[in-house]
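Subject: Handing over the structure

Hello,

Here is the structure you will be working with. Please open it next to this email and follow along.

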Amino acid sequence: MLDWYFMNGVEKYIDNRSYVVWKFPASKDAYEKQTRPLVYSYSLMTRAYGTYFNDENFIDYFTREGFDVYLVDWGTNDLFTLSGWTLDDVADTMEKEIIRPLLKDYGVDKLNLFLTAEWYTPELY
């Protein structure tokens, strides 16, 4: 939908029908380049644009601190791209298709993972 606007010039690390992983490299001005990347898995219910378009945001902060940040954007421009997925499907995809390749690419046995979630409690609505 708005990838062309918000993510203009941002590299796609993975471009899958059901999700995109955007790569934000560490700032060249960072004091120290970190050896482990940071994976930020944003909400399953909304697109990840809110993490990037304001002036002081999560991604800018950590890239200035020397981290390569990988933003997992669940869902794509098409509606219902995660239709039928279970939480186990999301977790398995995250491990096998995102985390394992990054561990291999960086030659490390650990990385930094930051998860956000939206919780739906029917009793509250």
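Some ground rules. This is a predicted model: local features need pLDDT of at least 70, side-chain atom pairs count only at pLDDT 80 or more, and totals for chains, interfaces and linings use all residues. Residues are numbered from 1 along each chain as its sequence is written, and side-chain values use heavy atoms, with hydrogens and water left out.

**The layout**

The protein chain has three helices and five strands. Here, helices (H or I, at least four residues) and strands (E, at least two) are DSSP runs, numbered from the N terminus. Along the sequence the pattern reads α-β-β-β-α-β-α-β.

Of the 125 residues in the protein chain, 40% are buried. Buried means under 20% relative accessible area, exposed means over 50%, and partly exposed lies in between (1.4 Å probe, protein chains only).

Now contacts, meaning heavy atoms within 4.5 Å. Take those in the protein chain with a separation of 6 or more: residues 24 or more positions apart account for 74% of them.

**The sheet**

In which order do the five strands of the open sheet lie? The order is S1-S2-S4-S3-S5, and the pairing is mixed. Two strands pair if DSSP finds at least two bridges between them. The edge strands are S1 (11-15) and S5 (112-115), and each pairs on one side only. From one strand to the next, the twist averages 20°.

Strands of a sheet pair through backbone hydrogen bonds, either parallel or antiparallel.

You can find both senses in this model. S1 and S2 run antiparallel, joined by four bridges. They form a hairpin with three residues between them. Look for Lys-12, which stands opposite Trp-22 in S2. S3 and S4 pair in the parallel sense, over four bridges. Val-39 has Tyr-70 in S4 as its bridge partner.

Helix H3 (residues 87-106) packs on this sheet and touches S1, S2, S3, S4 and S5. The direction of H3 makes about 160° with that of S4. For such angles, axes are lines fitted to C-alpha atoms, for helices over the stretch in contact, and angles run from 0 to 180 degrees between N-to-C directions.

**The cores**

A nonpolar core is a set of buried Ala, Val, Leu, Ile, Met, Phe, Trp, Tyr and Cys residues joined through side-chain atoms within 4.5 Å. The largest one has 14 residues. Those with the most contacts inside it are Val-21, Val-39, Val-72, Trp-74, Met-94 and Ile-98. S2, S4 and H3 are the elements that give two or more residues to this core. H3 gives the most, with five residues. Another core, of 13 residues, lies apart from it; Trp-22, Phe-24, Tyr-40 and Ile-59 are among its members.

Zoom in on Val-21. Leaving out residues up to four places away in sequence, Val-21 touches Glu-11, Lys-12, Tyr-13, Ile-14, Tyr-70, Leu-71, Val-72 and Ile-98.

**The salt bridges**

How many salt bridges does a search of the whole structure find? It finds three. A salt bridge is a side-chain nitrogen of Lys or Arg within 4 Å of a carboxyl oxygen of Asp or Glu.

- Lys-12 and Asp-15: the closest N and O atoms are 3.3 Å apart. Asp-15 is exposed at 54% relative accessibility, while Lys-12 is partly exposed at 39%.
- Arg-100 and Glu-95: the closest N and O atoms are 2.8 Å apart. Arg-100 is partly exposed at 45%, and Glu-95 is partly exposed at 36%.
- Lys-33 and Asp-68: the closest N and O atoms are 2.9 Å apart. Lys-33 lies in the loop between S2 (19-24) and S3 (38-41), and Asp-68 in the loop between H2 (58-64) and S4 (69-74), so the pair ties together parts that are 35 residues apart in sequence. Lys-33 is partly exposed at 46%; Asp-68 is buried at 8%.

**One glycine**

Finally, find Gly-107 in the loop between H3 and S5. Gly-107 is exposed, at 64% relative accessibility. In sequence, Gly-107 and Arg-36 are 71 residues apart; in space, they are 8.9 Å apart, C-alpha to C-alpha.

Best wishes
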